[in-house]
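Let's take a walk through a protein model together. Keep the 3D view open and turn it as you read.

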There are 2 protein chains.
Amino acid sequence: MKKYVSELLMIPGPTPVPSQVALAGAQNMMSHRSGPFKKLMLDLTAQLQALLQTNNEVVILSSSGTGGMEAVVSSCFAKGDKVLVATVGNFGKRWVKLAKVYGLDTEVLEYDYGQAVDPSAVKALLANDTEKKIKGVFFQMNETSTAVLNDVEEIAKVVKAHGALVIVDAISGFLASDLKIDEWGLDVVITGSQKAFMLPPGLAVVAVSARAKKAMEASDLPHFYLSLPAALKQAAEGQTPYTPAVSLIYQLSTAVKILTDEGLESILARHERLTQAVRSALRSLGMRLLNENDKTASRAVTAVYPPDGLNADEIRQRMKDDWGITLSNGQDELKGKIFRIGHLGHIDPKDVLAVIACLEIVLSQLGMPGIQWGKGVQAAQNVLARK
Amino acid sequence: MKKYVSELLMIPGPTPVPSQVALAGAQNMMSHRSGPFKKLMLDLTAQLQALLQTNNEVVILSSSGTGGMEAVVSSCFAKGDKVLVATVGNFGKRWVKLAKVYGLDTEVLEYDYGQAVDPSAVKALLANDTEKKIKGVFFQMNETSTAVLNDVEEIAKVVKAHGALVIVDAISGFLASDLKIDEWGLDVVITGSQKAFMLPPGLAVVAVSARAKKAMEASDLPHFYLSLPAALKQAAEGQTPYTPAVSLIYQLSTAVKILTDEGLESILARHERLTQAVRSALRSLGMRLLNENDKTASRAVTAVYPPDGLNADEIRQRMKDDWGITLSNGQDELKGKIFRIGHLGHIDPKDVLAVIACLEIVLSQLGMPGIQWGKGVQAAQNVLARK
């Protein structure tokens with residue numbers, strides 16, 4: 001006898017893929033050097049620019065988001081260039097690793113888990129760089145590992161005043177929160193397909209400013225498959241330097257149509273609503289969030305400590321075994337110490353209501369005292385019922 | 001701006017199709033006269049017999065369940081044959097219509113909406129038939145329109161004592177509740193693909209006893225596409241008289257594997273659990289069920305009256321518009337007076353928890369006084385949390 005349970009993926013990526021998008025990947029292959037494919041790519045790129053709120057050039061790399069991050073490092077900088085990484089978690093550390101792999105002179109501004117980058121600290125640090133040696137500042141829009149949203153606009157402001165390139169990993173943050181690339185003057189922005197795009201993993205969409213493009217001319221770092229200049233050159237013709245992941249391009253095209261049809265305002269509003277519902281529900285159950293600051297709260301994922309005496313891994317295991325709900329572990333030093341609830345992409349209020357109701361049961365069955373079933377759900381209902 | 005909401009189909013059919021089953025329908029077409037297709041059909045039929053708890057012959061008709069009902073009427077009876085229909089709702093009336101279309105002398109035992117067939121009333125009626133003119137007794141296992149489960153075993157017992165054929169429409173009841181075809185001596189049982197089978201509509205699976213087969217010899221009613229004798233003859237060779245719905249057969253094969261893997265005990269237990277959760281939640285909210293009898297409660301669907309002063313159609317509309325949840329209307333005279341929540345097939349506890357949480361919000365937003373959010377959810381949690 002096998003237990004029958006529907007699977008619900010509530011992790012910060014890969015996120016659930018709507019059937020419409022999943023089926024789009026089953027369309028017949030076409031030549032990526034054909035006219036119809038070029039048209040598909042040009043149309044898609046224009047729609048991506050609208051969603052990204054930018055007139056900057058946009059390329060689609062057939063790699064995960066990390067490939068997009070590497071592309072920027074290896075394409076926009078030269079050996080020995082000084083850069084600053086402001087990191088608030090595991091993905092910030094990835095910027096550091098990448099910069100070091102390519103021999104960049106890397107200064108690191110590091111924050112405790114759950115904290116956001118303080119723009120004034122970036123400002124102070126850059127003020128010391130009177131010789132303007134720092135060529136780029138790297139940070140995350142949304143740090144997935146700690147569920148923290150950075151103030152991209154404010155950080156960009158101080159970086160631009162200094163003159164360095166503003167490089168933003170927006171992989172998990174894009175569409176969950178607002179991101180005004182042109183208005184805020186972001187030089188390179190990287191997104192990934194398996195987040196709010198509602199696609200399987202495999203594509204990175206990168207928006208590149210004229211300043212970033214200019215910086216590429218001085219780059220002497222090795223790059224080939226992940227070359228941004230090569231991608232930019234080909235993208236102008238609706239092409240890619242190497243064979244693109246055709247089925248994922250089909251799916252991106254379908255997803256972008258759905259998202260465009262919905263509109264940015266609604267997309268952002270629903271991520272905001274789900275975030276508030278999850279946070280309110282967890283708090284009403286007496287749980288402690290890794291990031292208690294509502295302003296810097298990630299709109300893509302919420303990280304929470306288990307109640308005293310309970311084990312985070314056990315909670316996740318029971319959620320999976322009993323209710324078919326997959327939640328995320330913490331990363332690095334937070335492994336086993338927190339769990340994370342993803343609420344981005346193709347996740348809706350019904351999913352949040354169900355996950356809270358199931359969590360209430362699991363928590364009390366694992367021995368959390370005084371938990372009243374329906375209380376967390378009620379807190380979520382209070383948020384979600386608002387018109 | 002278009003509201004983005006996931007669709008949740010909580011109606012008593014078509015039910016949600018799991019992606020595994022949906023994708024099975026996309027397999028390459030094969031010749032329905034080929035060896036591999038014959039093998040597929042023979043394997044499938046054997047697995048269906050196990051799920052149906054019968055050694056009777058089983059045929060798969062490429063029609064909806066109604067086609068299966070018509071097949072029995074036109075194949076097993078002769079013009080002017082006397083039959084008895086025990087009806088408790090809209091689908092019972094369909095038996096009456098079918099019997100009349102084919103010129104059968106039809107006696108009707110009719111019950112009020114929400115009531116089940118009383119086996120002793122059937123017994124009394126058959127006792128009057130001293131000349132044994134009644135050749136068959138037709139009824140529903142589960143009356144979808146009123147959410148009533150008949151006591152198939154008891155009804156069959158009194159019919160068998162009389163000698164008439166026991167003809168059971170188990171379209172919406174099969175797999176939601178127990179059905180022991182051989183043990184209870186059911187002569188013809190009809191099921192449909194779009195219910196607990198978790199398939200799209202389009203197939204009817206019919207189990208036929210030796211007695212029913214014998215009765216076919218005397219039939220003089222016109223039948224061709226829906227001919228049971230023709231289907232039975234071909235089924236022995238893994239064939240169908242006419243072209244079968246090949247993609248649906250693929251899907252049925254996949255679904256039956258999933259169901260067999262789960263096991264009948266678990267399938268029945270989860271339908272029981274969801275039924276209790278829904279009924280308990282609705283009652284805790286002070287709502288009145290069309291059928292308050294827990295013993296005769298349908299394990300596939302629950303019919304409920306709107307609270308005083310509220311409009312059932314408006315509730316359904318709001319559930320759809322605000323939360324993406326489709327519920328069913330009443331049928332016939334119950335149209336607009338009740339609504340129905342389907343909980344069969346690929347529906348799981350998370351769906352029930354979400355539908356109750358959303359219903360709480362809708363009811364109070366439409367003006368139901370004194371409704372406490374989370375209370376209905378808690379009642380459902382109390383049922384669903386039981387191990």
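## Reading the labels

First, a word on the database notes: UniProt positions are given in the numbering used here, feature names are shortened, and annotations may be inferred rather than shown by experiment. This is a predicted model, where local features need pLDDT of at least 70 and side-chain atom pairs count only at pLDDT 80 or more, while totals for chains, interfaces and linings use all residues. Residues are numbered from 1 along each chain as its sequence is written, chains are lettered from A and ligands numbered from 1 in the order in which they are written, and side-chain values use heavy atoms, with hydrogens and water left out.

## A lysine to look up

For "modified residue: N6-(pyridoxal phosphate)lysine", UniProt (an unreviewed entry) lists Lys195(A). Look for Lys195(A) in the loop between strand 9 (188-192) and strand 10 (204-208) of chain A. Helices (H or I, at least four residues) and strands (E, at least two) are DSSP runs, numbered from the N terminus.

Is Lys195(A) buried or exposed? Lys195(A) counts as buried because its relative accessibility is 8%; buried means under 20% relative accessible area, exposed over 50%, and partly exposed in between (1.4 Å probe, protein chains only). Leaving aside residues up to four places away in sequence, Lys195(A) touches Pro12(A), Gly13(A), Thr15(A), Ile171(A), Ser172(A), Leu344(A) and Gly345(A). Contact here means heavy atoms within 4.5 Å.

## The annotated domain and one of its helices

UniProt also places "domain: Aminotransferase class V" (unreviewed entry) at residues 26-331 of chain A. That span is 42% helix and 17% strand, and its end C-alpha atoms lie 34 Å apart.

Now find helix 4 (residues 90-101) of chain A, which has 12 residues and reaches 16 Å from its first C-alpha to its last, close to the 16 Å expected at 1.5 Å a residue. The expected span is 1.5 Å times one less than the number of residues. Among the buried residues of helix 4 of chain A are Phe91(A), Trp95(A) and Leu98(A). After this helix comes Gly103(A), with a positive phi near 70°.

## Strands side by side

In chain A, strand 11 (residues 301-304) and strand 14 (residues 339-342) pair in the antiparallel sense over four bridges; two strands pair if DSSP finds at least two bridges between them. The bridge partner of Val301(A) is Gly342(A) in strand 14 of chain A. Val301(A) and Ala303(A) point one way from strand 11, Thr302(A) and Val304(A) the other way, and all are buried.

Over in chain B, three strands form an open antiparallel sheet in the order 11-14-13. Strand 11 (301-304) and strand 13 (328-329) of chain B each have a single partner strand, so one side of each is left without a neighbour in the sheet.

## Two copies, one axis

Chain A can be laid on chain B by a turn of 180° and a shift of 0.0 Å along the axis, with an RMSD of 0.0 Å. The two copies are therefore related as by a two-fold rotation axis. The C-alpha of Gly374(A) is the nearest to that axis in chain A, at 2.2 Å. The same surface serves both copies, with 100% of the contact residues of chain A recurring in chain B. The superposition is by least squares on the C-alpha atoms of residues with pLDDT of at least 70 in both.
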